[in-house]
Amino acid sequence: MKISKILIAFISTLVAASALAADPWPNRPIKFVVGFGPGGANDLVARAVAEAVGKQLGQPVIVENKPGAGSVLGGDYVAKSAPDGYTFYAGAAGGVVTIPMLRNSMPYKQEDLVPVGMMAVSPSIIVVNSDSPIQNFKDLLAKAKNKPGVTFATAGSGSTPHFVAEMLKLYAGGGNYEIIPYKSGSEGVFAVVSKQVDATSEASVVVLPQIEGGKLRPIASTWNKRITRLPNVPTTKELGYPNIFIGHWSGIFAPKGTSPEIIAKMNQAINASLDTNALKSRLIPQGIEPAPGSQADFIKFLNEERKRLQPIVKSANMKDE
């Protein structure tokens with residue numbers, strides 16, 4: 001009897017192992033959940049990468065939009081999903097780094113979303129109206145130090161443009177920056193185009209059409225290297241202000257408990273996709289820079305972002321609106 005039970009257990013183990021070997025991940029469609037509506041920079045990147053990753057893995061990767069609460073709704077959905085390798089969060093800074101700093105409570109913890117890999121960055125570009133007397137970054141700083149100063153549009157408290165404005169105050173010698181919040185980055189950009197405010201800072205993918213259309217003048221990028229599509233626009237780092245550094249990045253996260261093997265395979269698929277000419281030719285012309293790297297690279301980046309941005313949140317007393 002005892003031998004029979006042992007034998008049955010042994011056979012069951014073999015069958016399970018055999019089924020697992022014959023049924024490797026992925027064997028059905030994968031889902032990338034985007035915390036914003038269709039058409040935005042994060043959605044655009046997620047869709048481009050999803051298509052390429054699907055080819056790498058041999059299974060379709062479907063993008064599902066779950067907008068709400070500044071992308072927190074999408075993050076919460078993934079954080080509470082089964083960690084089986086079939087649901088991932090195509091996240092940005094808001095739902096992962098900045099919004100948790102602005103709120104007293106979140107529906108999920110930081111560790112509930114495991115970083116898998118960075119996808120791409122749409123660097124933030126400081127822009128003024130093309131008719132503005134502000135010709136360059138030096139002129140912007142000079143105007144800020146004279147009355148009445150600089151009016152600066154943002155997409156609301158804790159938005160990337162808001163961080164840029166506060167970084168200008170903290171790290172570029174002070175000055176008078178009147179921060180004017182709008183409901184969205186697009187509204188802030190329109191305020192500059194229509195000459196209602198002096199400047200703003202927005203994702204390259206958002207401002208590129210207006211720059212190429214002659215409506216906006218780019219004076220600096222707040223990323224650490226120049227944008228391929230705008231090679232003549234200097235970075236704030238080059239101009240001597242390395243602490244003015246932020247971008248609209250997109251990355252992939254998995255629910256806590258997802259196996260390291262699946263995470264490693266997804267990271268490899270993302271990196272292989274970002275290295276293809278097909279994906280580069282889809283992203284780079286829109287001002288988006290592919291950002292491949294290991295899981296460790298992504299984790300290090302996120303930790304540095306939290307450490308760097310938290311003091312700015314406190315200094316500016318940023319709160320979720």
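Predicted model: local features only at pLDDT ≥ 70, side-chain atom pairs only at ≥ 80, totals over all residues.
In soluble globular proteins, nonpolar side chains tend to be buried together.

Apart from its neighbours within four places in sequence, Leu140 is in contact with Ile126, Ile134, Val150, Leu168, Tyr177, Ala199 and Ile219.

## The largest pocket

The largest pocket has a volume of about 1,000 Å³. Its lining is made up of 44 residues, and Phe36, Ala155, Ser159, Glu202 and His248 are those that lie nearest the centre of the pocket. Helix H4 (residues 93–102) supplies the largest share of this lining, namely five residues.

By class, the residues lining the largest pocket comprise 20 nonpolar, 18 polar and six charged ones. Both domains take part: domain 1 (30–122 + 248–316) and domain 2 (124–239) each contribute at least three residues to the lining of the largest pocket.

## The second largest pocket

The second largest pocket holds about 280 Å³ of space. It is lined by 17 residues, of which Met118, Trp223, Ala291, Pro292 and Phe301 are the closest to its centre. Two or more lining residues come from each of strand E4 (113–129), strand E10 (289–290) and helix H11 (295–316). The largest share, five residues, belongs to H11.

In the lining of the second largest pocket, nine residues are nonpolar, three are polar and five are charged. This pocket lies between domain 1 (30–122 + 248–316) and domain 2 (124–239), since both of them give residues to its lining.

## A buried aspartate

Asp76 belongs to helix H3, which covers residues 72–79. Its relative accessibility is 17%, and because buried means under 20%, Asp76 counts as buried. When residues up to four places away in sequence are not counted, Asp76 touches Pro107 and Tyr108.

Note on methods: Residues numbered from 1 in each chain as written. Heavy atoms only, no water. Helix = DSSP H or I, 4+ residues; strand = E, 2+ residues; numbered from the N terminus. Buried < 20%, exposed > 50% of the residue type's maximum accessible area, 1.4 Å probe, protein only. Contact = heavy atoms within 4.5 Å. 1 Å grid on protein atoms, 1.4 Å probe; cavity = no way out; pocket = protein on both sides within 12 Å on 5 of 7 lines; lining within 4 Å. Points joined across faces, edges and corners; volume = space filled by probe spheres on them. Nonpolar A, V, L, I, M, F, W, Y, C, P; charged D, E, K, R; others polar. Domains from an automatic or database assignment.
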